[in-house]
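Hi,

Here is the structure I said I would pass on to you.

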Amino acid sequence: MSLDTEAVQQQPATAAQPEGAPQEWEPRIVGFACNWCTYAGADLAGLSRLQYPPSIRLIRVPCSGRVNPQFVIRAFQRGADGVLVAGCHPGDCHYSTGNYFTRRRFLLMQNMLQYMGMDPRRFQARWISGSEGPKFQQVITQMTEDIKALGPNRKMRDVE
Amino acid sequence: MTQVAVAENPVSPLVPIVGKIIKIVTETPDVKTFHVSTPDGNKPFTPAPGQLGMLSLLNVGEAMFSITTQGPNHLEFAIKKTGVLTDALHESEVGQTVAVRGPYGNGFPIEFCKGKDLLFIGGGIGLAPVRSLINYCVENRDDFGKLQVIYGSRSPADLVFKDDILTNWPQVRDMQVDLTVDRGDDTWQGNVGFVPAFIEQLAPSPEGDKVCILCGPPIMIKFCLQSLAKLGFKNENIITTLEMRMKCGVGKCGRCNIGSCYVCLDGPVFSLAQLQTMPPEY
Amino acid sequence: MITEKMRDVAKDLLTKGEVNMVIGWEKGTFWYNSTPVFITKAEDVERLVFDEFCTNNLAKYLLDYKTAEGKVAIFVKGCDARAVNRLMQDQQVQRDKVYLLGIPCGGMKEAAPGTQPQATEGLPLVEKCQNCTSPNPVVFDVLLGDQVSVRDTQNRFAAVEKLEALGTDEKYAYWGEMFDKCIRCYACRNVCPACSCRECAFDGNGLNWLGKQNNLQENQMFNITRAMHVAGRCIECGECERVCPMDLPLMAINRKVIKDLNELFGAYEAGMDVENRPPLGQFKLEDPEKFM
Amino acid sequence: MKAIAKTQISELLNQVAREYNVLVPVAGADKYAPYTPGIELKLNSRTLLPPKDVFFPQTEKMYKFSTDGMEGSLDSLLTTPKPQLLFGIRPCDVKSIHCLDHVFLSKGFVDEFYAAKRDNTFLISIGCNGPAESTCFCQSMGINPQDTDEVDVHLFDLGSQYGVVPKSAKGEAFVAKYAALFAETTEEVPAVAEFTLNLELDGVSEKLAQMFEHPLWEEVSRKCIGCGACTYLCPTCHCFDVSARVAGTQGFRFRCWDSCMFSDYTRMAGGHNPRPSKKERVRNRFLHKLQYFPERYGDSLCTGCGRCLSKCPVNMDITNIIKQVREVDLV
C-alpha cells in the first residue's frame, strides 16, 4: 500500500486561514483502521448517524499490526496534523495476536517520535471494536480537540 | 573555460519538452507502440536510425527507449511492460501528455551500410531498434543491396510489427523476411525453433561484405554471434545495439559506462569488433 | 600474544581444510588502524593481527559467504559474537557453517590522525567501547586469551537522558541539525549486523518509501525508520556511529530504543544468546497499555 | 609578489561580500558555508565535504510540472545565481573542479545547471606547504600542493601572510580593485614539506587496461561494505540519479547525487544488473578513477585529497590499491 498524497491533500492547505478566525481550522488526522474491528466501528458510527469531526481520513489496513514506522512518518511528511492507529481490542484480533505486537511497537514509536521532538499527542492508538460506533465518534472528537489545541503540525512536513 | 561546442540538440539536455500520445498500436499482449508528437502536431525532434529518446510520464518517471521509427510528424516507441513507468504507459490512452527529450546516442552506421547487402536479426522486442534502420533502408531502397530480416519471438502472438513483417516488408523489392517462433500454435505455419538455429538453417552468406544488424535478449545475442561466426561474418560487419540503465542520456550521470565508453553517447550501436575491445560488463 | 595465537589457529584451520576462509584484521594504512582481512591461503596468515585498533565488527561479512561451500572461520570480540548470535537468530547464518574464534576484548583505542606511533596504554578508548556491556565473546568454538572484566557502564544512557530532558522544540531542533548533516551514504545501514535484509526498503525497488532528495524530511524518514527497523535487535556494537562520516550521534537513537524497550517490556540484551526472542518479536498479555 | 596579512582576510572578505555571495570553509562546519562577518574561518586544511556541491548540489530541482488528467505542462527551474566567490579551496579541489568541467561541459553537451553556477563563480585558492592531513597524497597524483593555475586568484601561504597572485583576467581586475589591501612582499614561498603518503602513478592506467579480469578485484572488494561514503566525499565523483517528487497533481523532477557503490545503481527495469556484486562495483569505481576517466578525458579522476581514505569505514585505501596494481605481475 502507499499513502497517496492526494488523499491527504484534497482539503485546502491548513496554513491559509483567514485572519481572526483561527477556530475555523480543522486538523487533518490520518487514521489507520484495522479492517476487522475499527473500520467496522467507523461504519457503524456512520450508519448510526453519529456526528464526528470531518478531520479524520481513514486508511484501511488488514490489521493494526500492519502499520509500520514509514506509514506514520509519511503521514506527517505529507501534511497530517495527527496520526491515529486503531484496531481490535487485545484478545479480539482477527489474526489472534497482531494487536499485541501493535501495542509494543506503538509505544516504542510514540516514545521515539517524542524523542525526536514531536508532541506525543499527535500520535495515538485506540482499541475500537466493530460494535463501538459511539467510541469511534468519541475518539475522533477527542483527538480532534487535542490536536486543535496543539495547532497545525509543521514538523517533518515536506508539503506546503 | 566553459566555452565548448554544443551538439545540435533541439531539446535542452536535461529538461524535456511536452508531447502527446497521438496513437497507440497494440503489438502483442505486452508490447505497445506509442506514436508521440508535440501538442501542435510536429515531430519532437528528428533522430537518426538507432538513436534513443528519453520518454516520460510526468508524474510517474522517465526512461530511455529506442525510437523504433518515425513519421513526418511523429516518433514511435515500441515499449514492453517491464516496470513502473512502462506499466503506466500501457495504461495510457491517446491524448495522454508525455515529455520527451533527445535524440541521444550514435545511431546505426548508415554510410558504412550503404551499397551493401544487409541482414537484420531480431528477437522479441529487439526488433524495435532495428526497425528504425530497416524502414530507413526501405525508404532509401536504392542505396542498399539485398535486405533480409530474420525475426523470432516466443510465440506467434509475441511477434511485433505484424503489418511490417507479414505485409509491408515482403513486398519490398529484393527483401526477404524469415520468421520463427519458439513455440507454435494451431495457426502457425512457419518455422518453429530458436533464432540462432534458424540462422544456421537459413545459412545467409556473408559474401559481398554483407553487414548483419542484430538485436535481442542477451542470451539470444550470445548464441547468434556463435552462429554468425560459423557462417563467416566478420566482426566489423556484425552490429548490435545495447541496453543500459540511463538517467541523463548526455554522458554526465555516469551509470551507462562500459569501460571508458558511455552507451548514451558512444553507443548504443557498437560493432562486435568494438565490443571486443571493451570490458564484458553489459 | 593474541596475534601469534590467531595466526597459529588460522594456519591450522586452513591447512587442515576445516575452513575455506578466515576473517580477521590486518594492519591498515596507518599504525592506528587495523582493517578487515580475508585469508584463504595458509601462507597469508602472517597478515593477521589483533591490537587495540581492531574496531571493525566482522560479523556482517558472514552474509557474503552464507551460500558459499564449506565453513568460514571468523574472529569475534564480544560485540562481534553478539552480532553472530543475532544473525543466527534471524536464520541468516548457520552455526555449523561458521567457526568462531573468540577474543576477549579490553576495548579499542584511538589515536589522533597523523600522530607518530606511541604506546597504546595512554590512548583513549573509542566511543563505542566506553560503555561496552559484553567485552567477552558470548559464543565461540575456541577462546583465545583470558576473559576480561566488564567496565563500569553506568553512563550507558547518559547521552539519551540528556536529550530526553530537552523541551519538545529543543529536541526537534537538535535532531534537525543532526539530520541536516546526513549525506545518506548508508554506511550506518550497510555496516549494521542487525540490517540483514537482502532488499532494503530504502533501495530503489519502486516502493519509494524514501525519496532520493537530500533534505531534512527524507533524512528524518531514513534515520528514524532505520532505528525502528533495528529496534530490539541492536547489539550496541556502535559501528553505525563509528562509520558515520558526518559524525551523527546514532547511538543516542539506538540506545534510546534499548532504554525504552528495557523499561517498557523488561530487560533485554540482543545477541546474548539465540533462544531469547527480541522484544518486538514477542509480547505479554500484561504489556503496558498506558496509551488507551 | 603582492601579499595580504592573514589578519586582513576578514576585511577582504567583508569587502568582496558586497559584490558576491562568498563561500568559505568554516570552523565546525563540514562544507563551504556562506560568509558572514565575524564567522570563524578554517583556512589551514581542506573541508570534510568537497566544494563540488557549490556547482553540483546534492539535490537540484530541474523542472516542475503539473498534470490534470491527460493534460500536463512543465517549466524549467534553471536559474542564474547571484555571482559567488569560492574562497580558500585547495589545489586538489581545484583539480577536481577541472575534472567536473570535463564531465559537465564537454563531449557535445553542456549541462546548463552546472554551467550556470560554474560561470558565475570566482575562485580563490590557497596553497598547502605540505600535507594538510595525514591522508593527503595530491603530490603523487601530479598536483602541486602549493600552486594552481585554474583559478582566478591564488594565495600562497607565507606564514603570517598570503602571497596574492592573479591567475586570470578576472583575477587581475580583482587584485587591482582591492589593491589597497595588498602590499608588496619579497618573502619567498617555503619549500614543500615531505608527504608521508607517496606512490608512483606512472603506467598504472595502461596496466589497469589489462587487468579487468584480474583476481585482485575479488580480493580488494571483499571488505567493502557497499556504502556511498567514498563517493559522496569524493571531490570528483559526479554520478547522479534523476527522480521526481510528486504531490497530487504537482511535482518536480530533480537530480541528486548517486553512488556507483549502491546495488541498485545499474539495475535495469527487468532486473538485469551488469554490475551485480561488490566485486564489479568496486572494480568499476577504481577503474573509473584510474583508467576510464584518463582514457576519456586525459586526466586522473583521483586528486589525492584523501577524503575517502580518511572516512572509509573499512580503510579501503586507493593508494594501497595502486601499489598492489603496480606489484601485479602480468604474464
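Predicted model: local features only at pLDDT ≥ 70, side-chain atom pairs only at ≥ 80, totals over all residues.

Let's start in chain A, where strand E1 (residues 29-34) and strand E3 pair in the parallel sense over five bridges.

Is E3(A) buried or exposed? Six of the six residues of this strand (residues 82-87) are buried, so E3(A) is largely enclosed by the rest of the structure. That holds for both faces: Gly82(A), Leu84(A) and Ala86(A) point one way, Val83(A), Val85(A) and Gly87(A) point the other way, and all are buried.

On to chain B and its sheet. Seven strands form an open sheet there, in the order E11-E10-E9-E8-E12-E13-E16, with mixed pairing. Which strands stand at the edges? They are E11 (191-192) and E16 (269-271) of chain B, and each has a single partner strand, so one side of each is left without a neighbour in the sheet. As a reminder, strands of a sheet pair through backbone hydrogen bonds, either parallel or antiparallel. Inside this sheet, E9(B) (residues 147-153) and E10(B) (residues 175-181) are a parallel pair with seven bridges, and Ser153(B) stands opposite Val181(B) in E10(B).

Helices lie against those strands. Helix H5 (residues 195-202) of chain B packs on the sheet and touches E8, E9, E10 and E11 of chain B, with its direction at about 145 degrees to that of E9(B). Helix H3 (residues 127-139) of chain B lies across E8 (118-123), E9, E12 (211-215) and E13 (238-241) of chain B, and it runs at about 155 degrees to E8(B).

Next, the domains. For chain B, the domain assignment gives domain 1 (17-104) and domain 2 (110-241). Their centres, taken over C-alpha atoms, are separated by 24 Å. How many residues of these two domains are in contact? The contact involves 12 residues of domain 1 of chain B and 14 residues of domain 2 of chain B. On the domain 1 side, the elements giving two or more residues are strand E1 (17-28) and strand E6 (75-80) of chain B. That side of domain 1 of chain B divides into five nonpolar, five polar and two charged residues.

Chain C is likewise divided, into domain 1 (2-143) and domain 2 (158-281). Here, 24 Å separate the centres of the two domains of chain C, taken over C-alpha atoms. Domain 1 of chain C puts 20 residues into the contact and domain 2 of chain C puts in 18 residues. The domain 1 side divides into eight nonpolar, six polar and six charged residues.

Finally, chain D. Where it meets chain B, 47 residues of chain D are in contact with 42 residues of chain B. Among the elements that give two or more residues to the chain D side are strand E4 (59-68), helix H2 (91-105) and helix H8 (278-297) of chain D. The chain D side divides into 24 nonpolar, 10 polar and 13 charged residues.

Elsewhere in chain D, E9(D) (residues 161-166) has antiparallel partners. Strand E1 (residues 2-5) of chain D is joined to E9(D) by four bridges, with Ala5(D) partnered by Gln161(D). Strand E8 (residues 153-157) of chain D is joined to E9(D) by five bridges, and Asp157(D) stands opposite Tyr162(D). E8(D) and E9(D) form a hairpin with three residues between them, and Gly159(D) in the turn has a positive phi of about 90 degrees.

One residue to look up yourself is Lys52(D), in the loop between E3 (32-34) and E4 of chain D. Why does Lys52(D) count as buried? Because 24 other C-beta atoms lie within 10 Å, and the cut-off for buried is 20 or more. Leaving aside neighbours within four places in sequence, Lys52(D) is in contact with Ser96(D), Leu100(D) and Pro235(D). Lys52(D) and His98(D) are 46 residues apart in sequence and 11 Å apart in space, C-alpha to C-alpha.

Cheers

Note on methods. Residues numbered from 1 in each chain as written. Chains lettered and ligands numbered in written order. Buried ≥ 20, exposed ≤ 12 C-beta atoms within 10 Å, placed from the backbone. Pairing = 2+ DSSP bridges. Contact = placed C-beta atoms within 7 Å. Nonpolar A, V, L, I, M, F, W, Y, C, P; charged D, E, K, R; others polar. Axes fitted to C-alpha atoms, helices over the stretch in contact; angles between N-to-C directions. Domains from an automatic or database assignment.
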